[in-house]
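Biologist: Can you put the model up on the screen? I would like to go through some of the contacts and pockets with you.
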Amino acid sequence: MSLSDKEQWARVQARLRAIVGEDNFKNWFGAMEHDAISDDVVRLSLPTRFLKSWVQSHYADKLLACWKAELPSIRRVDLVHRSAVLRDATIKVKPNEPIEAVRDIKSGAERELRIPHQPAQAAHEALGGSPLDPRLAFDTFVVGRSNTLAHAAAKQVALARRGEPVMFNPLYVHAGVGLGKTHLLQAIAWAGNGIADRKVLYLTAEKFMYGFVAALKSQTALAFKEALRGIDVLVIDDLQFLQGKSTQAEFCHTLNALIDGGRQVVIAADRPPSDLESLDDRVRSRLAGGLVVEMGSLEEELRLQILKSRAAAARAHHTGFDVPAPVLAFIAKQITHNGRDLDGALNRLLASNKLTGLPVTMDMAERAVRDLIRPQEPKRVKIEDIQRVVARQYNVSRSDLLSSRRTANVVRPRQIAMYLAKTLTLRSLPEIGRRFGGRDHTTVLHAVRKIENLVGNDNVLAEEIELLKRLLQE
Ligand code: ADP
Ligand code: MG
């Protein structure tokens, strides 16, 4: 293998690691080797049949997508069991072998879903769309208290018909990590593209920056408008990663063109529009002008349902993988918050079950779960909540806090609220100033110092502030 091949492989590995996370990467790709590459086929090998079939059934699409991102000419990834390989890079892979890596993974239902999507999928790729994971569809999305509204809105958006009036635009979904944003957005893309005449383009913010914008720039203004006209729904995931002035200008332009043209825009981010500090005010207010929905943490019942459906799906591929109900209940109780960790726990059980041949027991589950339990993440405190709670406590209104009034009964609560905003959130001083009626960051700094000093000498105030903190963090 040449040096540049090695570098390429290293870059593909880095992409994979970013997509699947460090743990999964180590578990499933740590022992993977790059054996050969020829024209449009890459051959990778794994040391055991189990690893090979696992990677094949769970990561074939991602693997191919990572290679394509690095080398667009790649059409196929072949996975082989290492002992079966003649480790000779001169052996060429025959270009006409069946597309095993992609072919053998789809259950019947998924295949049915895919076929009508083929043309849409091609258009999707031509416009620089990000790869879609067939498992992230509406029928695998479990609805519970925390995501009912987001799910209903997403479904409405996905199934609307061309030319129908758009109800909420943009639809903006925000939630912490692993709570189902990407799942919901990709479900919109799958379902929407399954409808004749409807085109949904799904992009991560990163793709938007490096793919879409570049593609648009290389075209004339007219071609740009044409391309946009072809899209009914533009879906952008992880908007918090959108960086850079010119990208933002491009984003703003696209957003306006689509919304004004009656096209649907769907956005997901890890925070509400008002907290996207790097975006300018006009974009922020445009984003906030549609429907903004937060998805809360997954409640226990929802976690259990997700686990049940995942376990059932895994059983379809791996006979003998039975997870007793009490084990599922145990995992649902132990692993709070994050959908990704639920997957992780189940993957570990499946791996132990397959590697040792032993049935899944509570003992095995306890071990699997142990590494995944992290101390509970601190709750995200919002500046609006701070303002609301402080205003209520000191019997002033929230608009008093934001106003320029300088009477003592308003000044102190305002300083306390700014102090709490600095200590309980990650917002910068200028951002806090902006959120308190457009004040300068030096005013915020002054308030923070003032309260810090007072707390040191005034027990009553110190207690009040402790109480406020508790109120906000519960
Ligand atoms: P986010 O994009 O918000 O970080 P993801 O959509 O990637 O989160 O979800 C993480 C994992 O949890 C995925 O495997 C996803 O399928 C699963 N998940 C999250 N919410 C749900 C849900 N309501 N139903 C089924 N699976 C879910
Ligand atoms: Mg996501």
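Modeller: One term before we start: a polar contact is a pair of N or O atoms within 3.5 Å, and within protein one must be able to donate a hydrogen and the other to accept it. Also keep in mind that this is a predicted model.

Biologist: Fine. How far is the backbone oxygen of Ser-297 from the side chain of Ser-146?
Modeller: A polar atom of the Ser-146 side chain lies 3.4 Å from the backbone oxygen of Ser-297. That is within the 3.5 Å cut-off, so the pair can count as a polar contact.

Biologist: Where is Ser-146 in the chain?
Modeller: Ser-146 sits in the loop between helix H6 (118-126) and helix H7 (148-159).

Biologist: Is Ser-146 buried or exposed?
Modeller: Ser-146 is buried, because its relative accessibility is 15% and buried means under 20%.

Biologist: Now the ligand. Which residues are closest to ligand 1?
Modeller: Ligand 1 is surrounded by 18 residues, and the closest are Gly-178, His-183, Arg-310, Arg-340 and Asp-343.

Biologist: Which backbone atoms lie 2.7 Å and 3.3 Å from an oxygen atom of ligand 1?
Modeller: For Gly-178, a backbone N or O atom is 2.7 Å from an oxygen atom of ligand 1. For Leu-179, a backbone N or O atom is 3.3 Å from an oxygen atom of ligand 1. On the nitrogen side, a polar backbone atom of Val-142 is 2.8 Å from a nitrogen atom of ligand 1.

Biologist: What is the accessibility of Arg-310 and of Asp-343?
Modeller: Arg-310 is partly exposed at 25% relative accessibility. Asp-343 is partly exposed too, with a relative accessible area of 29%.

Biologist: How many salt bridges does the structure hold?
Modeller: The structure holds 23 salt bridges. One of them is between Lys-333 and Glu-300, with the closest N and O atoms 3.1 Å apart.

Biologist: Is Lys-333 buried or exposed?
Modeller: Lys-333 is exposed, at 51% relative accessibility, while Glu-300 is partly exposed at 35%.

Biologist: And what about Arg-76 and Asp-78?
Modeller: Arg-76 forms a salt bridge with Asp-78, and their closest N and O atoms are 2.7 Å apart. Arg-76 is buried at 3% relative accessibility, and Asp-78 is buried at 7%.

Biologist: Change of topic. How much space is in the second largest pocket?
Modeller: The second largest pocket holds about 180 Å³ of space. It is lined by 15 residues, and the closest to its centre are Arg-161, Glu-164, Val-166, Arg-198 and Gly-262.

Biologist: What classes of residue make up the lining of the second largest pocket?
Modeller: The lining has six charged, five nonpolar and four polar residues.

Biologist: Now the backbone. Which peptide bond is cis, with omega near -5 degrees?
Modeller: That is the bond from Asn-169 to Pro-170. Pro-170 lies in the loop between H7 and strand E4 (171-174).

Biologist: Why point that out?
Modeller: Because most peptide bonds are trans, and most residues other than glycine have a negative phi.

Biologist: Are Asp-197 and Asn-395 buried or exposed?
Modeller: Asp-197 is exposed at 59% relative accessibility, and Asn-395 is exposed at 72%.

Biologist: Last one. How far apart are Gly-163 and Asp-232?
Modeller: Their C-alpha atoms are 9.1 Å apart in space, and the two residues are 69 residues apart in sequence. Gly-163 lies in the loop between H7 and E4 and is exposed at 78% relative accessibility.

Note on methods:
Residues numbered from 1 in each chain as written. Chains lettered and ligands numbered in written order. Predicted model: local features only at pLDDT ≥ 70, side-chain atom pairs only at ≥ 80, totals over all residues. Heavy atoms only, no water. 1 Å grid on protein atoms, 1.4 Å probe; cavity = no way out; pocket = protein on both sides within 12 Å on 5 of 7 lines; lining within 4 Å. Points joined across faces, edges and corners; volume = space filled by probe spheres on them. Nonpolar A, V, L, I, M, F, W, Y, C, P; charged D, E, K, R; others polar. Salt bridge = Lys/Arg side-chain N within 4 Å of Asp/Glu carboxyl O. Buried < 20%, exposed > 50% of the residue type's maximum accessible area, 1.4 Å probe, protein only. Near = heavy atom within 4 Å. Helix = DSSP H or I, 4+ residues; strand = E, 2+ residues; numbered from the N terminus.
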